[in-house]
Amino acid sequence: MPKQLIKGNEALMKGAILAGCRGFYGYPITPANEITEAAAYYLPQVGGTFLQAESEVAAINMVYGASSAGVRCMTASSGPGISLMAEGISYLAGSELPCVIADITRGGPGLGNIAPEQSDYFQVVKGGGHGCYRTLVLAPACAQEMADLTYLAFDLADQYRTPAVILADGFIGQMMEPVEFTLAARAPRLPEWAVDGTASTRRNLISSIYLQPDDLEKHIRMLEAKYARMAHNETRWENYKTDDAEIVFVGYGISSRILKSVVEMMRARDIRAGLLRPITLFPFPSDELRRLAGQAERFFVVELSTGQMVEDVRLAVEGRCPVEFYGRCGGNAPSAEEIFEEVFAHV
Amino acid sequence: MSELKVIHEKAECLYGNYDRKGELQHQTHYCPGCGHGVAHKLLAEVIDELGIRDRVILVSPVGCSVFAYYYFDVGNVQVAHGRAPAVATALKRSHPESIVITYQGDGDLAAIGSAEIMHAANRSECYTALFVNNAIYGMTGGQCAPTSLLGDKTTTTPFGRTTANDGYPLKVSELLSALDGPVFIERGGLGNAKQILQTKRAIKRALETQMKGLGFSLVEMLSPCPTIWKMDPVDAQRHVREVLAPIYPIGNKLDRTKDRAPRAAAPPPPPLSELPRILKLPVAPTDAPVELVKPDSEYRIKIAGFGGQGVLLLGQLIAEAGMDDGLDVSWLPSYGPEMRSGTSNCHVRLSTKHVDSPLVSRPNVLIALNEPSLRKFIATVDTGGLVLYNGDSIPTDCIRTDITMQALPFASIADELGSPKVANIVVLGAFLAATNALPLAVVDRAMARVVKGEKWLEIDRRAMARGIAEMQSTEVKVHV
């Protein structure tokens, strides 16, 4: 299969269309624009709908509408836009509507800057909106995964009737890498719960309101059970040379790429280092981390933030071994050499 | 009395029993004398008369009518406060044959959702908006609405609405009628039988506008709210007629139904087998000769210069050719304002092994197209590496003896070739001549794929040949 040198953002959109995505509603923001522009270019050619909304608030509610109508649909943005979408994401989760949301993370808080960060972890993985809900979160680390995990995200979103988020930093979105498109083109589907303006779906209702406390608790417990099933069935991660690792690095997205260089540098010096790369951030590979905590002397977490995912690592490890952290932010990324030095700086 | 004659039946598209309601399923949740009950009845009757029940998708808002889906036997979608126009937009675009109706109150449509209604109307989304204006927040207990009248005492304007603090009553129908997009806008009232029958006709015309595919339609209804207004139903209706209507004049505000043509139906989607072509996926295997066994090589290239010097394209060409040559590659740009001014740089990696980090922190090739870039990155170059610099000579304080450094006036050479834009391609030639990193035929083919236009390809080919020749004359050779 021939490869194509392509930006992560564009690969994501091609993967989405191959998955049967036929609706995109978005608002421009750097560094996610290539997704929106690819949607504008390709979707009308495949019988889909592209619409540039008046705001991210409107965009996510258009996704709510298209998803209610039974269309595989998505939006893409970055931190400031995801903040505005938080309301809509909560409604999507509450109404059990599948969709895919791409967050190509930039620097925050506030306007911050447009350079890459991984500082939307709390916002995306912990919810962001109101109420007891979770979203499935997938974290690609290369352009190939931007296509492949987006394709998977549409399937999982359907399977669990939940919004799924692709959480990628600006590096992963902006860089070009060879991508092989082996994904089969999916035909658009119409789920039986959709409201599409036909006699057969006339009794269908999309709603997140449960006025009676007992009814709402039942609904929330049902969602809770669904998230537990997701945790049981859909947790994904990559082990890189962890078999005999004494130092286990933990990082996702671009951090995991830099950490692979660090692992190689250490292995070249006969230090037994390995990397655990979470691929799903919710559900989080807590069990695997706990297992590695039995063999490792220390964990070392690297993020492009002041430390967000590290909290989940600490919760998983439960004090079985030390968990250290090194982060850069503001659009800076640590070099492999910098991390290497940092690991031994405090020993 | 055995001969009771049915003279009026409940509309068919209202449920016989309100099963979705928790209790009192034979009656609505609206207060006695509330306009919503009347508005629901009008809408239901019009849906029946038009015979469109199976096609209708009703979008319920937040507010007293949040539970509109209790009553209407149609497809129902309940949405967030103010967002009905956005949801309706996508519902209708997803299923153009459906009849999409939003039902919103004044807080929902005219306050929190003012952006959404404005843009849906301006795009002339082909759905019908019903706007129930009772000049108060009912569900939350009587707060000031954007449509509350000056002087109105509400729970959030306890001393009366003033222009100084709260601005003016918002005239939505007039406001939206100023836009080019909408097709039909009318304000009706629910203040007496005459107003109610007029309003019903307006709802029918609005829905017919949608059924003909003409575009956006809206019917505003001045509606009584006896409970919050603290009036009995009769007084509340009188209030609609005598107090609201003078401020919000009843009547048609916009009718472009005769001027606007129906929208063309979208063409049928292409077969799935067409997707690889449409998505421009690579279909044929590369025909370039790929050496199966290569000596290990590992290029970590940093290219930097001013925006507009072609820094990113140079990096992309190297990465494209590297991929064609069977190497693992990555290309990482700086992005954003750089494309308009300032400095620009990119990181390119070519490797016979797997590329782990796409970031290049210790380059073994630095291509500096201006002096600031040379100064910024010279210290990071790995021992034994190569520096190509755009200039007549390396500034003496930048000279390092543990690396190979070569200055060439790439920009001047490009000027000689007829375009300053091809300086980056002259550099490409020089890089290839100095390193033998990639076969020239493979690079030429990548260039032919990436460069748009025969004219540019021709000049780029001359630029590359010139870069190779210039570099060969220096006899600089680097093995990475």
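Where in chain A is A:Pro31 found? A:Pro31 sits in the loop that links strand S2 (23-26) to helix H2 (33-42) of chain A. Keep in mind while browsing these views that the model is predicted.

**View 1**
Look for A:Pro109 in the loop between strand S5 (99-107) and strand S6 (113-116) of chain A. As background, most peptide bonds are trans.

Most residues other than glycine have a negative phi. You'll find A:Asp270 in the loop joining helix H9 (253-268) and strand S13 (273-278) of chain A.

**View 1. Helices H6 and H8 of chain A, packed together.**
A pair of packed helices is described by the angle between their axes and by the distance between those axes. In this view, helix H6 (residues 143-160) of chain A packs on helix H8 (residues 213-234) of chain A at an angle of about 140°, and the axes are 11 Å apart. That angle is why H6(A) counts as oblique to H8(A). The crossing of the pair, H6(A) and H8(A), is right-handed. From H6(A), the contact uses A:Leu156, A:Gln159 and A:Tyr160; on the H8(A) side they meet A:Lys226, A:Arg229, A:Met230, A:Asn233 and A:Glu234. Sorted by class, that contact of H6(A) with H8(A) has three nonpolar, two polar and three charged residues.

Chain A is assigned a domain 1 (4-234) and a domain 2 (237-345). Their C-alpha centres are 27 Å apart, and the contact takes 32 residues from domain 1 of chain A and 26 residues from domain 2 of chain A. Now for the sheet: five strands of chain A form an open sheet in the order S11-S13-S12-S15-S16, with mixed pairing. Strand S11 (237-240) and strand S16 (323-327) of chain A are at the edges with a single partner strand each, so each has one side without a neighbour in the sheet. From one strand to the next, the twist averages 20°. Inside the sheet, strand S12 (residues 247-250) of chain A pairs in the parallel sense with strand S15 (residues 298-303) of chain A over four bridges. A:Phe249 stands opposite A:Phe300 in S15(A).

**View 2. A sheet of eight strands with members from chains A and B.**
Read across this open sheet and the order is S10(A)-S2(B)-S1(B)-S3(B)-S4(B)-S6(B)-S5(B)-S7(B), with mixed pairing. Strand S10 (205-206) of chain A and strand S7 (251-255) of chain B are the edge strands, each pairing on one side only. Strand S1 (residues 56-60) of chain B and strand S3 (residues 99-105) of chain B pair in the parallel sense over four bridges, and B:Leu58 stands opposite B:Ile101 in S3(B).

**View 3. Helices lying across the strands of chain B.**
Helix H1 (residues 35-50) of chain B lies across S1, S3, strand S4 (128-133) and strand S6 (217-222) of chain B, at about 170° to S3(B). Helix H7 (residues 193-211) of chain B lies across S3, S4, strand S5 (184-189), S6 and S7 of chain B, running at about 160° to S5(B).

Terms used. Residues are numbered from 1 along each chain as its sequence is written. Chains are lettered from A and ligands numbered from 1 in the order in which they are written. This is a predicted model: local features need pLDDT of at least 70, side-chain atom pairs count only at pLDDT 80 or more; totals for chains, interfaces and linings use all residues. Side-chain values use heavy atoms; hydrogens and water are left out. Axes are lines fitted to C-alpha atoms, for helices over the stretch in contact, and angles run from 0 to 180 degrees between N-to-C directions. Helices (H or I, at least four residues) and strands (E, at least two) are DSSP runs, numbered from the N terminus. Angles under 35 degrees count as roughly parallel, over 145 as roughly antiparallel, 65 to 115 as roughly perpendicular and the rest as oblique. A crossing is left-handed if the near helix is turned anticlockwise from the far one by less than a right angle, and right-handed if clockwise. Contact means heavy atoms within 4.5 Å. Ala, Val, Leu, Ile, Met, Phe, Trp, Tyr, Cys and Pro count as nonpolar, Asp, Glu, Lys and Arg as charged, and the others, Gly among them, as polar. Two strands pair if DSSP finds at least two bridges between them. Domain bounds come from an automatic or database domain assignment.
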